[in-house]
Amino acid sequence: MASGFFALLDDIATLMDDVAAMSKITAKKTAGILGDDLAVNAEKASGFMSSREIPVLWAISKGSLLNKLIILPIAFLLSAFLPSAIIVALVLGGLYLAYEGAEKIYEIFVPHRHEEHEASMLNLTEADILALEKERVKAAIVTDFILSVEIVIIALGSVAEEPLSIQIPVVSLIALIATIGVYGIVALIVRMDEFGLRLINLNERDDSFSDYVGRLLVNALPWVIKSLSVIGTIALLLVAGGIFAHNIHFFHDLLPELPSIIKEFLVGLGVGFVVLVVVKLVSKVISLFKRK
């Protein structure tokens, strides 16, 4: 009986080693989408009143956890009973990521005027501001759902050949890290300016070290968010290109002389702009039919 107990412990230890090893591999493959997730959420969690930033971020975090609880069982069921659907979902997700990355680049050169409503924010009542806050939280949770699907599918695709006993803990761990890690870092980012102001007000001097660090943090926040947006866009295209290169034979054999990172970026960018053109054309056709 004792030998059976120790054999069970040995099996558990082996399983945990396998989970740890596969988690490291999966984390590397999902790092790109996690970077975009961080950039998107840092942008969406900023711009609120200082006293509301943490409550808003907590509300989005709870929504993100709920998203994972919905997505994970469906993903595991597909992996168990319809594994080919994982590849299809992975490629469809890659199309979405490529489109999103291409759209961000497109909007840099063809700016939109969708931020004009922000000028009227000063005239809103407290009730209107709270209602707008709820809408922004809902929009952030919807965006998180889409990104969460991609994270889970990419993670599941990384362990698709493993048994469910490995898939479930590895993908669940990555999903949990995605929520806690991303929103924890976002919380630090959006509070950079608040912490900076506290350092500035720490003493009455204007040339102290705390004043220097405080002003640096306050001035750095917009640049940090912009930098994350750029990094996130590049990561989107790399992740999308990697999905196509590893799962579609045509792209796998395309441009073999190039380093893989450049090849995946170009593939993601090219497919992204093709999808963007298709989406723009379909949108125009739909708008023309609506006018008739």
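This is a short walk through the model above, one selection at a time.

Before you click on anything, note that this is a predicted model: local features need pLDDT of at least 70, side-chain atom pairs count only at pLDDT 80 or more, and totals for chains, interfaces and linings use all residues. Residues are numbered from 1 along each chain as its sequence is written, and side-chain values use heavy atoms, with hydrogens and water left out.

**Whole chain**

Start with the cartoon view. You'll find 10 helices and zero strands; helices (H or I, at least four residues) and strands (E, at least two) are DSSP runs, numbered from the N terminus. Of the 292 residues, 36% count as buried, where buried means under 20% relative accessible area, exposed over 50% and partly exposed in between (1.4 Å probe, protein chains only). Take the contacts between residues at least 6 apart in sequence: 79% of them join residues at least 24 apart. Contact here means heavy atoms within 4.5 Å.

**The annotated spans**

Now colour residues 70–99, 139–160, 166–190, 223–245 and 265–283, which an unreviewed UniProt entry lists under "transmembrane region". UniProt positions are in the numbering used here, feature names are shortened, and annotations may be inferred rather than shown by experiment. Zoom in on 139–160: this span is 91% helix and 0% strand, with its end C-alpha atoms 31 Å apart. Then try 166–190, which is 100% helix and 0% strand, with 36 Å between the end C-alpha atoms.

**H3 against H6**

Select helix H3 (residues 53–81) and helix H6 (residues 164–190); their axes come within 10 Å and cross at roughly 165°. Axes are lines fitted to C-alpha atoms, for helices over the stretch in contact, and angles run from 0 to 180 degrees between N-to-C directions. That makes H3 roughly antiparallel to H6: angles under 35 degrees count as roughly parallel, over 145 as roughly antiparallel, 65 to 115 as roughly perpendicular and the rest as oblique. The crossing of H3 and H6 is right-handed. A crossing is left-handed if the near helix is turned anticlockwise from the far one by less than a right angle, and right-handed if clockwise.

Stay on this pair and show side chains. Serine 61 is in H3 and counts as buried, at 10% relative accessibility. Leaving aside neighbours within four places in sequence, serine 61 is in contact with Thr179 and Tyr183. Next, pick alanine 187 in H6, which is partly exposed at 22% relative accessible area. Beyond residues up to four places away in sequence, alanine 187 touches Ile54 and Leu57. The C-alpha atoms of alanine 187 and leucine 57 are 7.1 Å apart, though 130 residues separate the two along the chain.

**A stop on H5**

Go to lysine 138 in helix H5 (residues 126–158). Is lysine 138 buried or exposed? Lysine 138 is exposed, with a relative accessible area of 60%. Draw a distance to alanine 59, 79 residues away in sequence, and you get 9.3 Å, C-alpha to C-alpha.

**H7 against H8**

Finish with helix H7 (residues 192–200) and helix H8 (residues 209–247), whose axes come within 7 Å and cross at roughly 160°. H7 and H8 are therefore roughly antiparallel to each other, and their crossing is left-handed.
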